[in-house]
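Biologist: Could you take me through how one reads an interface between two chains, starting with how far the model itself can be trusted?

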Amino acid sequence: MRDFSDLYAEIIMDHQKHPRNFGTLPIFDKEVQMTNSSCGDQISLQVKFEDGKIKDIKFKGMGCAISMASASVMTELLKGTDVNEAKRISSEFIEMVTNGKAPVDDLKDAQVFSGVSKYPMRVKCATLAWHAVQKALSD
Amino acid sequence: MQYRLGSEVKKDFPILSTVLPNGKRLVYLDNAATTQKPIQVINALADFYKFTNANVARSAHYLGEKTTIAYNDARKEVAKFINADQDEIIFTSGTTESINTIAYGWGDENVSEGDEIVVMTSEHHSDFVPWQQLALRKKAHFKVVPLREDGTIDIDTVKRYVTSKTKVVACAGMTNSFGIINPVEEIGHIAHKSGAVFVVDGAQSVPSMPTDVKRMDADFLSFSGHKMLGPMGIGVLYVKKSIIESLKPFLTGGGMIDEVKNDSTTFACAPDRYEAGTPNVEGAVGLATAIRYLREIGMEGILEHERDLLGYAYERLSSVDRVILYGPKNFEKRGGILSFNIRGIHPHDVASILDANGVAIRSGHHCAQPILRYLNVEFMATARASFYIYNERSDIDVLVDAIEDAKRRFS
């Protein structure tokens with residue numbers, strides 16, 4: 001690591017300390033569970049849809065700061081968005097972290113994860129929740 | 001010349017003078033994953049290609065003979081190192097291929113429905129999955145021996161698990177997760193009393209302590225070059241002479257045949273018949289050079305050196321708040337591996353913050369998920385610092401400071 005803040009931006013530290021949308025929904029349409037076998041991160045994601053939008057979204061999980069903060073940022077960003085929009089944004093996030101593509105404005109706070117692309121060992125941590133939400137939106 | 005371990009051997013390892021882009025000096029404590037290579041080994045690899053390289057055991061020309069001699073000498077060096085005969089030594093790509101060679105070559109021929117295969121909960125996946133898969137192929141029972149709370153093996157439990165139906169007992173010489181030295185001689189005795197073969201995974205123990213296959217009475221012993229100063233991609237499978245001809249070749253093709261006809265082939269004698277294709281001669285030469293290096297510094301002193309570092313790390317870390325240390329407190333049963341966690345911080349984050357301080361450790365499940373699950377380790381993962389001949393107490397001081405930094409950052 002070049003520097004601590006390379007990987008652990010202030011926003012990431014804030015979300016890992018105070019995760020948003022952490023917990024479970026009383027009623028939901030989709031539930032996805034996913035693990036990152038290389039490090040054992042686990043996430044369980046619940047989504048409630050209404051009128052083609054993500055009405056509500058919550059996650060529970062166990063894992064490193066990167067994976068948990070990323071899940072928290074994801075839920076905050078996608079809650080209330082149109083399903084197709086959410087699909088596009090999550091693809092943009094995965095492209096940015098996996099292939100090092102330049103961050104786009106749509107990603108808002110999630111842009112802080114762009115530095116993770118320089119740490120191949122941590123890419124799976126950062127993208128876990130986004131792969132989970134893609135799965136929830138796809139079928 | 002007698003080397004002093006630690007600072008005096010460090011100068012032989014060019015990579016250990018690495019300075020990270022942030023200006024921190026590298027402190028390499030990930031030796032259970034792979035060790036660094038001394039200049040002697042690096043030069044041996046370059047010299048092989050500068051002065052020796054040809055195909056082996058095929059070409060009757062100057063370089064061909066030189067290569068064949070170098071390969072045979074490497075086999076002799078390995079054999080001497082573990083008190084075996086040279087025709088009991090098969091070169092492989094590493095421990096994983098060695099154990100698969102046993103599981104397919106011996107296991108498929110000798111294990112049948114209803115038989116039992118016994119392994120320890122603490123095995124590395126490479127000494128676990130091939131046996132589990134063999135059991136599934138053959139409808140045999142795969143029995144996993146539970147451990148004591150500190151991760152050590154209880155001999156009486158092993159006795160209960162091994163029965164007259166047991167065909168294979170597999171056990172690591174030293175576990176890669178917690179560095180526990182297993183009582184292999186006693187386990188081998190139990191295996192043989194029941195008529196089972198005894199397989200030792202030496203990947204972690206062979207680099208750190210003298211190994212004598214006759215004394216441990218192993219039928220099979222496997223280890224990897226890269227964990228003992230040698231190159232990656234070279235490993236060893238020792239098979240006891242009395243059974244080595246009974247393995248079915250796992251790979252067939254060039255170099256392992258006696259005579260090939262259109263409808264049948266007879267195979268060469270062991271060990272050639274188990275080394276199909278052009279072998280990794282460069283790797284064998286590098287491994288032999290690593291063994292000579294280790295012999296010169298003295299295998300007897302390595303474990304003692306690792307234990308000194310382990311004891312020092314243990315002493316310093318046991319007083320650090322929030323740090324959980326795994327494994328037995330009796331260091332007589334341990335090599336230089338210290339698995340730990342910092343309460344409330346995931347080991348991957350610990351590893352990244354230590355990295356920012358220049359300290360290289362491993363984090364994760366260490367290819368040993370069964371033991372972490374069995375002991376209910378937080379996060380199903382640990383941070384792991386592992387020591388080798390070139391580490392010093394000052395490396396551990398940097399580790400402890402880095403751990404304090406991690407705690408501050410994640411307070």
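Modeller: Chain A of this predicted model averages a pLDDT (the predictor's confidence in each residue, from 0 to 100) of 93, and 98% of its residues score at least 70. Within chain A, confidence is lowest in H1(A), at a mean of 82, and highest in H3(A), at 97, helices being DSSP runs of H or I with at least four residues, and strands runs of E with at least two, numbered from the N terminus. Residues are numbered from 1 along each chain as its sequence is written, and chains are lettered from A and ligands numbered from 1 in the order written. Local features need pLDDT of at least 70 and side-chain atom pairs count only at 80 or more, while totals for chains, interfaces and linings use all residues, and side-chain values use heavy atoms, without hydrogens and water.

Biologist: How much area do chain A and chain B bury between them?

Modeller: The size of an interface is often given as the accessible area lost when the parts come together. Here chain A and chain B bury about 1,400 Å², 57% of it on carbon and sulfur atoms, where the area is taken with a 1.4 Å probe and summed over both parts. In contact (heavy atoms within 4.5 Å) are 18 residues of chain A and 16 residues of chain B.

Biologist: Which side chains meet in a salt bridge?

Modeller: A salt bridge is a side-chain nitrogen of Lys or Arg within 4 Å of a carboxyl oxygen of Asp or Glu. The rule finds 1 across this interface, between Arg122(A) and Asp349(B), at 3.0 Å from N to O.

Key. Buried area is the accessible area (1.4 Å probe) that two parts lose on being put together, summed over both.
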